[in-house]
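Dear colleague,

I am passing on the structure below, together with some notes on what turned up when I went through it. Please read them with the model open beside you.

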Amino acid sequence: MIKFVDLDWQHRLLRESLEQAFYSVFESNSFIGGSQVDALESEFARLHHCKYGVGTKSGTDALVVALRALNIGAGDEVIVPAMTFFATAEAVCIVGATPVFVDVEPITLGIEPTLAETAITEKTKAIILVHLHGWPVPLAPFLAIAQKHNLALVEDCAQAHGASENGHLVGSRTQVACFSFFPGKNIGALGDSGMVITNHQKLAETVRILANHGRQEKYLHTMVGYNARINEMQAAFINVKLPYMHTWNDKRQSLAAYYNRQLADMPLQLPPAFDEHRLPCFHLYVIHCSSQAVRDNLQAFLEEKEIATGIHYPVPLHLQPAFRQFSCQPMPVAEKAASCILSLPIYPGMKIEQQDYVIEQIKQFFSQ
């Protein structure tokens, strides 16, 4: 069986350190805030070339408190790509604003800048950029759009730990960026956790207050906030894994490059070539089939061969039942992608023999 994401290898490698982290927190009796949280916030921000980090209970919470800290709420609009996980637009709704869905570009499925600018109205307050599957969205056009229209840029980096563009780490050049440490992410907790990073001190302070019940000091609450704090135990587990971020990303890139070489002759759209100018972290390795029928048949074939795959995501946001009240135009690129994309197994512990087996079975499917 080839798992889609296999955490066993990671936990075997780090078992002793994870156990030590557990007992260290357990014996400290400090479970909400403490030295582990402080260390994680500082180091994660540093690794992404930012000054400030604030841990949160999840990636969704990170988005919510970031939007609130930017004073986004009822009556405001936030531009969101149609192809992303539900939480991106969900966070917009939670703060009372309206998500405005925009189609994506067809290769790496990042939000399309021209369409994003066209969607701007007098109510627009921000654009959320999602680095989908770990591919960094080219930032230059969005920086220009944001400056022209006086908008905030929020980066959803839930799938992009350590990804970079032209030497700039994701999250380092906009007002605020949000990460998830869901267990299956490139750097994952042993449960839910998230992080907000920024280079703006006042914004970081507001995020921290909002994530802690709007509390500036004990029993003194200056605003209505959330219980959105990261806990000490999850921070300790993430601290064990964090030193491996770049090494594990390197392995994902190596696996992706091998997939690209070995599947080059297949009737598939593969991820584009990459280099230091646009360096994805390959949270997912996503192929585009020629049609939904081919995709579904390939997925079923691989399942028969005990190869797990995924579809990220089968229903674009503008077609989700929960968002039907937000009128929008068809999103042909997102809709086509949703019908034909397939995510292949990729994780740092994947062995070449396992990857060769996946490749062999894909070739066998297309040779029938």
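In this predicted model, S58 is in contact with D192, S193 and G194, once its neighbours within four places in sequence are left aside. S58 sits in the loop that runs between strand 1 (52-56) and helix 3 (59-69), and with a relative accessibility of 13% it counts as buried. A polar atom of the S58 side chain also lies 3.0 Å from the backbone nitrogen of D61.

The aromatic residues come next, with a count of 16 aromatic pairs. In one of these, F85 and Y313 are tilted, with 5.9 Å from centre to centre and 40° between the planes. Since F85 belongs to the loop between strand 2 (77-81) and helix 4 (87-94), and Y313 to the loop between helix 10 (292-304) and helix 11 (332-340), the pair ties together parts that are 228 residues apart in sequence. F85 is partly exposed, at 47% relative accessible area, whereas Y313 is buried, at 14%.

Another pair is formed by W135 and F282, whose ring centres are 5.7 Å apart and whose planes stand at 75°, so that the pair is edge-to-face. W135 is found in the loop between strand 4 (124-130) and helix 6 (140-149), and F282 in the loop between strand 12 (278-279) and strand 13 (285-288), so this pair ties together parts that are 147 residues apart in sequence. W135 and F282 are both buried, and they belong to one aromatic cluster together with Y259, F274 and Y285.

Notes: Residues numbered from 1 in each chain as written. Predicted model: local features only at pLDDT ≥ 70, side-chain atom pairs only at ≥ 80, totals over all residues. Heavy atoms only, no water. Phe/Tyr/Trp six-rings, centres within 6.5 Å; stacked < 30°, edge-to-face > 60°. Helix = DSSP H or I, 4+ residues; strand = E, 2+ residues; numbered from the N terminus. Buried < 20%, exposed > 50% of the residue type's maximum accessible area, 1.4 Å probe, protein only. Polar contact = N/O pair within 3.5 Å; in protein donor to acceptor, adjacent residues only side chain to side chain. Contact = heavy atoms within 4.5 Å.
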